[in-house]
Amino acid sequence: MNSRTSMAQRDEVIRRTVYVSDIDHQVTEEQLAALFINCGQVVDCRMCGDPNSVLRFAFIEFTDEESARAALNLSGTVLGYYPVRVLPSKTAIAPVNPTFLPRSDDEREMCARTIYCTNIDKKVSQADVKLFFESICGEVYRLRLLGDYHHSTRIAFVEFVMAESATAALNCSGVILGSLPIRVSPSKTPVRPRAPRQLMH
């Protein structure tokens, strides 16, 4: 792949991406993605900024430019306590916050076995998600189903026993689970146990 092609591809990604600022720190990535759900399909939603500061910012990448343009109309929508600002992004989505990235070879290997699944029908249970992936892709080692009752869809991180299963799972994007087509992406962050180790001194 030559650099000109990758530049053109990057420009195309930037046109599909919006930059959202002034986000209340209590707002989750999921709530933020939910705000833009009517604009079009969200490919990736990345919240950035210091969790201790009052306001944060985010990048949201859509599948097409029209959705990103529609998202600009949501500037001024109050989310949490503050109206968010939505602007065309000048960059593609920034890399993941380093504290969430794999910290060791073990975690890198874990990422290779993990997928991130969005647009999960909220009527679908954790057992249903596990059965769905195990019947098609292979044994699931760990699964976290995230989301709440306020949103129509949920997200899951699925860690398989084998990396090949995670690769196979990527082909499940668009498959109907419950009544909605799921979207499957490679996970950039390992599924960590719930208790954050660094807080236990």
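Visitor: Why is Tyr81 called exposed?

Guide: Buried means under 20% relative accessible area, exposed over 50%, and partly exposed in between, with a 1.4 Å probe and protein chains only. Tyr81 has 67% relative accessibility, so Tyr81 counts as exposed. Keep in mind that this is a predicted model, where local features need pLDDT of at least 70, side-chain atom pairs count only at pLDDT 80 or more, and totals for chains, interfaces and linings use all residues. Residues are numbered from 1 along each chain as its sequence is written, and side-chain values use heavy atoms, leaving out hydrogens and water.

Visitor: Where is Tyr81 found?

Guide: In the loop between strand S4 (78–79) and strand S5 (82–83); strands here are DSSP runs of E, at least two residues, and helices are runs of H or I, at least four, numbered from the N terminus.

Visitor: What makes Glu65 and Arg69 a salt bridge?

Guide: The rule wants a side-chain nitrogen of Lys or Arg within 4 Å of a carboxyl oxygen of Asp or Glu. Glu65 and Arg69 come in at 3.6 Å, N to O, so the pair passes that cut-off of 4 Å. Both sit in helix H3 (residues 65–72), four residues apart, about one turn of the helix.

Visitor: What about the side chains of Glu159 and Arg142?

Guide: They meet in a salt bridge at 3.2 Å, N to O. Glu159 lies in strand S9 (residues 153–160) and Arg142 in strand S8 (residues 140–146), so the pair ties together parts that are 17 residues apart in sequence. Glu159 has a relative accessible area of 0%, so Glu159 is buried, while Arg142 at 24% counts as partly exposed.

Visitor: Which residues do salt bridges that share partners join into one network?

Guide: Arg15, Glu65, Glu66 and Arg69.

Visitor: How many salt bridges does the count come to?

Guide: Eleven by this rule. Among them is Asp44 with Arg46, at 2.9 Å, N to O, and both of those residues are buried.
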